[in-house]
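Here are some notes to read alongside the model. Please keep the sequence and the 3D view open while going through the points.

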Amino acid sequence: MLAIVVTMILGLLVAGGVAVYVAYPHRGERMPVVPQLGDAMRKGVDSLPVLEDSESRV
């Protein structure tokens, strides 16, 4: 039972992080309460490799 609760809480935290990223840093806006978190999210995403439009399969 404890494992299920911990897994659900972790899932909710990840979903909340994705929602916050999409709401602010992804659109180029600063987060109103914790701008340092938005900067950290942007730096983390900028360091990941991405596919360019010409490389993606359509």
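**Notes on the predicted model**

1. Of the 58 residues in the protein chain, 7% count as buried. The model is a predicted one, and every value below was computed from it. To count as buried, a residue must have under 20% relative accessible area.

2. Helix H1 covers residues 2–23.

3. What is the accessible surface of the protein chain, and what share of that surface belongs to carbon and sulfur atoms? The surface comes to about 5,100 Å². Carbon and sulfur atoms account for 69% of that area.

4. Part of the surface forms a nonpolar patch of about 760 Å². Its members are Met1, Leu2, Val5, Val6, Ile9, Leu10 and Leu13. Take Val5 as an example to look up in the view: this residue lies in helix H1. Val5 is partly exposed, because its relative accessibility is 39%, and the partly exposed class runs between the 20% limit for buried and the 50% limit for exposed.

5. The count of salt bridges comes to 1. The partners are Asp39 and Arg30, whose side chains meet with a nitrogen-to-oxygen distance of 3.3 Å. A side-chain nitrogen of Arg within 4 Å of a carboxyl oxygen of Asp is what the rule asks for, so a pair of that kind is counted.

6. Arg30 is exposed, because its relative accessible area is 52%; the class of exposed residues begins over 50%.

7. The model also has 1 cavity of 30 Å³ or more. About 30 Å³ of space lies in the largest cavity. Its lining is made by Pro25, Glu29, Arg30, Met31, Pro35, Gly38, Asp39 and Arg42. Sorted by class, that lining has 3 nonpolar, 1 polar and 4 charged residues.

Conventions. Residues numbered from 1 in each chain as written. Predicted model: local features only at pLDDT ≥ 70, side-chain atom pairs only at ≥ 80, totals over all residues. Heavy atoms only, no water. Patch = residues over 30% accessible without salt bridge, like charges linked within 9 Å, V, L, I, M, F, W, Y side chains within 5 Å. Areas by Shrake-Rupley, 256 points an atom, 1.4 Å probe, with all protein chains shown as cover. Helix = DSSP H or I, 4+ residues; strand = E, 2+ residues; numbered from the N terminus. Buried < 20%, exposed > 50% of the residue type's maximum accessible area, 1.4 Å probe, protein only. 1 Å grid on protein atoms, 1.4 Å probe; cavity = no way out; pocket = protein on both sides within 12 Å on 5 of 7 lines; lining within 4 Å. Points joined across faces, edges and corners; volume = space filled by probe spheres on them. Nonpolar A, V, L, I, M, F, W, Y, C, P; charged D, E, K, R; others polar.
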